[in-house]
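Student: Could we go through the charged pairs in this one together? I'd like to see how each answer is reached.

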Amino acid sequence: MKDIVQERIQIVDDQVDVPAIIDQLTGSLSTDEPFYVMDIGDIVRKHKQWIEKMPRVVPHYAVKCNDNEVVCATLAALGASFDCASKGEISKILALGVNPERIIFANPMKPSSHLRYANANNVKTMTFDSDIELHKIRKLCPDAKLVLRIRCEAERAQCPLGKKFGCDPVDEAPRLIKIARSLNLELVGISFHVGSGCQDFPIYYKAISYAKDLFNYAQTFGYEMNLLDIGGGFPGDKGTSIDEVAVIVNSALDEFFPDKSVRVISEPGRFYVSSAFTLITSVQSKRTCLNAITGSIDRMMYYLNDGVYASFNCILYDHQVPTPFLIGNQDGKRYATTIWGPTCDALDQLIENCQMPELQIDDWVVFPNMGAYTIPVASPFNGFPLPKIFCYISKDTWEMLNNLYPLAEENFCMPNGTELVVNFENAVCA
């Protein structure tokens, strides 16, 4: 397993109780370093929800969101497919035994060496959104199964993507279809991405309608396209739901793509992993800012052992607003508070202003919903260590995955620490 996954997966008899596990760990671990608690069952439940809510849409997990090996192996065992953006991500997923047909190379701008690697490893389905990319693909991967990425972006999204990727569905896409035909390339479908963390779900309906128009247009050039990729943008925090977007997507598919011969896929990332990871940090230092005239406290400032160069890069990269929770009895007067990370950079600010009771050195501060766009982007800037990941799975869930899980047997242990004998004969996922 990756070095960052330094603890074996713990199997517990009952359902994973994250608050109880946090209480146990904070009672025994040093406050020097932050750590994650990962609930594998949360990912399994998310997959079940997806299949129930959008049974026609095959999820291709966006590896960029969280490339933790346990995450990817769990989804591989469950039968999910994968959205990879680079040679490195493709290699990681292929190493789990995933069939290359279950991978879409969903980066419209691919380095030539990465294209060669994909071609050599039979990863043929890939996106594009420009004529120059088409010519590069024709040279390096002439038998690629091409998916044209169009731009149809939500007005409200955590991470808009339209400035960088996607062609205009009306003005540019028809021209690119003509060029693909002239180059004798295989065009199999249309893709779009409404923006990561979408908050404007009706945009999916509009994008799917654009895709239908382009399916019809491509048919005039002899293309019988059979793939629709509706991208990502699905919510994943605790308390959120995909019910609303599922109704819109299912309705649009029934209206525009009633023919079930068209395969529909998606690229969910945060939906699967956001709520599965809880980050536990601690107060390393504090500062009391006094009013120069009255001498009363104007503001409390706390310095945690994790920051924007590590787990909280999601503030910069993913525009997240972290929500802190405290452990133990924290009654008393509340103060205007600023929370900082541990590095020497003033950019390393987690929360500019909130109201909190006074904290002490070594107090624990918990942040839920920290599984998306955190771990894969973290760096040990200033020499601060990255958080360990403590993975937990219930015995029932483990038994369900037992014959499928593509992890080495030494990664598992029972609650009492004894080794667990696991049957991995069927570990490779076809």
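Predicted model: local features only at pLDDT ≥ 70, side-chain atom pairs only at ≥ 80, totals over all residues.

Student: Is D83 buried or exposed?
Tutor: D83 sits in strand β4, residues 81-84. The cut-off for buried is under 20% relative accessible area. D83 has a value of 1%, so the word for it is buried.

Student: Which residue forms a salt bridge with D83?
Tutor: Among the residues D83 touches are H60, Y61, K64 and E267. A salt bridge needs a Lys or Arg nitrogen within 4 Å of an Asp or Glu carboxyl oxygen. For D83, the closest N and O atoms are 3.1 Å apart, and the partner is K64.

Student: How many residues apart in sequence are the parts that D83 and K64 tie together?
Tutor: D83 lies in strand β4, while K64 lies in the loop between β3 (57-62) and α3 (69-78). The pair therefore ties together parts whose separation in sequence is 19 residues.

Student: Which helix holds E133, the salt-bridge partner of K110?
Tutor: The side chains of K110 and E133 meet at 3.1 Å, N to O. K110 is in the loop between β5 (103-105) and α5 (112-120), and E133 falls within residues 131-140, which is helix α6.

Student: Where does R175 lie, given that its side chain meets D131 in a salt bridge?
Tutor: That salt bridge spans 3.7 Å, N to O. D131 lies in helix α6, and the pair ties together parts 44 residues apart in sequence, so R175 belongs to another element: residues 173-182, helix α7.

Student: How many salt bridges does a search of the whole structure find?
Tutor: Besides pairs, there is a network linking D39, D42 and R45. The search of the whole structure gives a total of 11.

Conventions
Residues numbered from 1 in each chain as written. Heavy atoms only, no water. Helix = DSSP H or I, 4+ residues; strand = E, 2+ residues; numbered from the N terminus. Buried < 20%, exposed > 50% of the residue type's maximum accessible area, 1.4 Å probe, protein only. Contact = heavy atoms within 4.5 Å. Lists of a residue's contacts leave out its neighbours within four places in sequence.
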